[in-house]
Amino acid sequence: MITTQPPLHVRHATHPAQILGFDTAALREHYLVEDLFTPDTVTAVLTHHDRIVLAGARPASGPLALGTWPELRSEYFLERREAGIVNVGAPGRITVDGAEFELTTGACLYAGRGAREVVFEGADAAFYLFSAPAHTDYPTTLVEPGQGNRLELGDQQTANRRIIDQYIHADGVQSCQIVLGVTTLHSGSTWNTMPAHTHDRRTECYLYFGLPESERVVHLLGEPEQTRHLLVADRQAVISPSWSIHSGAGTSAYSFVWAMAGENQAFSDMDGVDVQDLR
Ligand SMILES: O=C[C@H](O)[C@@H](O)CC(=O)C(=O)O
Ligand SMILES: [Zn+2]
């Protein structure tokens with residue numbers, strides 16, 4: 001069993017006034033998460049925005065165990081936390097306290113508070129984990145790709161035709177805080193989440209995947225009236241504080257895992273912004 005785990009990268013929360021003075025490097029340092037998927041390693045970032053932990057696990061040459069980090073002051077990672085995990089690589093397996101779950105590409109596993117041992121397997125699997133503090137235990141549950149609640153949004157005319165699969169949400173797999181799903185763009189569409197929105201009660205993170213290596217997503221962030229952008233590659237994540245829009249246009253079609261945590265789980269609790277009001 002491999003348990004390679006570099007130190008937890010801790011990122012402090014930021015105020016919307018700060019982003020106005022950030023140059024490209026500072027924007028990337030605060031909001032972009034690169035290099036989550038190092039072979040035989042669990043890599044993690046803690047953001048103080050809603051105390052979310054983002055992690056990547058790549059069990060390349062054997063089973064890889066999820067450990068904890070000293071900053072969490074916990075005996076094991078899920079002692080006071082829950083996690084939503086999506087496989088963004090080739091099929092693999094996750095074993096949670098002895099129970100085995102096979103995850104095909106795009107499958108989602110909810111691991112509830114109290115699960116002591118989480119082990120990842122699959123030479124070409126790549127597991128993306130989104131975790132938030134939890135106040136009670138909910139059962140560990142697998143959702144096959146496309147088996148959540150499916151929404152068809154957007155239009156080919158506005159280049160934003162996309163499928164939103166909701167997996168962990170109020171009417172689906174139960175959780176304390178996490179709301180999570182996968183959005184997939186139809187071929188020829190480029191825009192996600194346009195018209196854009198904020199939701200002051202939750203932090204949201206996107207993990208882009210299925211994007212060819214030579215392509216990029218131009219991801220918009222910041223307050224709606226003063227936006228900034230990041231150029232994002234495959235398997236990179238973006239942290240959007242509650243005050244930030246989160247929307248992107250790819251140079252080709254792509255998918256992304258969107259996941260939120262905070263005050264409520266109401267998916268429709270968003271403050272929409274008209275396209276012409278963005279700056
Ligand atoms: O709060 C919800 C999230 O931003 C995403 O679900 C939006 C999304 O996937 C999309 O519109 O493409
Ligand atoms: Zn959102």
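Student: Helices (H or I, at least four residues) and strands (E, at least two) are DSSP runs, numbered from the N terminus. With that settled, in which loop does Pro-195 lie?

Tutor: Pro-195 belongs to the loop that runs between β16 (191-192) and β17 (197-198). Before we go on, please keep in mind that this is a predicted model, in which local features need pLDDT of at least 70 and side-chain atom pairs count only at pLDDT 80 or more, while totals for chains, interfaces and linings use all residues. Residues are numbered from 1 along each chain as its sequence is written, and chains are lettered from A and ligands numbered from 1 in the order in which they are written.

Student: OK, and what kind of peptide bond joins Met-194 and Pro-195?

Tutor: The bond between Met-194 and Pro-195 is cis, and its omega is about 5°. Most peptide bonds are trans, and most residues other than glycine have a negative phi.

Student: And Thr-193, what's its phi?

Tutor: Thr-193, which is not a glycine, has a positive phi near 50°, and this residue too is found in the loop between β16 and β17.

Student: Is Thr-193 buried or exposed?

Tutor: A residue is called buried if 20 or more other C-beta atoms, placed from the backbone, lie within 10 Å of its own, exposed if 12 or fewer do, and partly exposed in between. Thr-193 has 23 C-beta neighbours inside 10 Å, so it counts as buried.

Student: What about Asp-97, where is that, and what is its phi?

Tutor: Asp-97 sits in the loop between β7 (92-96) and β8 (99-103), and its phi is near 45°, again a positive value in a residue other than glycine. Because Asp-97 has 13 C-beta neighbours inside 10 Å, it counts as partly exposed.

Student: Let's zoom out. How many helices and strands are there?

Tutor: The protein has 2 helices and 24 strands. Along the principal axes its C-alpha atoms fill a box of roughly 50 × 35 × 35 Å, and 46% of the 279 residues count as buried.

Student: What order do the strands of the 7-stranded open sheet have?

Tutor: The order across that open sheet is β1-β3-β4-β11-β6-β9-β12, and the pairing is mixed; two strands are said to pair if DSSP finds at least two bridges between them. At the edges are β1 (9-11) and β12 (141-143), each of which pairs on one side only.

Student: Pick β6. How many bridges does it make with β11?

Tutor: Strand β6 (residues 81-87) is joined to β11 (residues 127-133) by 7 bridges, and the two pair in the antiparallel sense.

Student: Which β6 residues point which way?

Tutor: Arg-81, Ala-83, Ile-85 and Asn-87 point one way from β6, whereas Glu-82, Gly-84 and Val-86 point the other way, and all of them are buried. Since 7 of the 7 residues of β6 are buried, the strand is largely enclosed by the rest of the structure.

Student: New topic: which residues are around ligand 1?

Tutor: Counting a residue as near when its C-beta atom, placed from the backbone, lies within 6 Å, the residues around ligand 1 are Arg-162, Ile-164, Thr-183, Asn-192, Thr-193, His-199, Glu-204, His-246, Trp-258 and Met-270.
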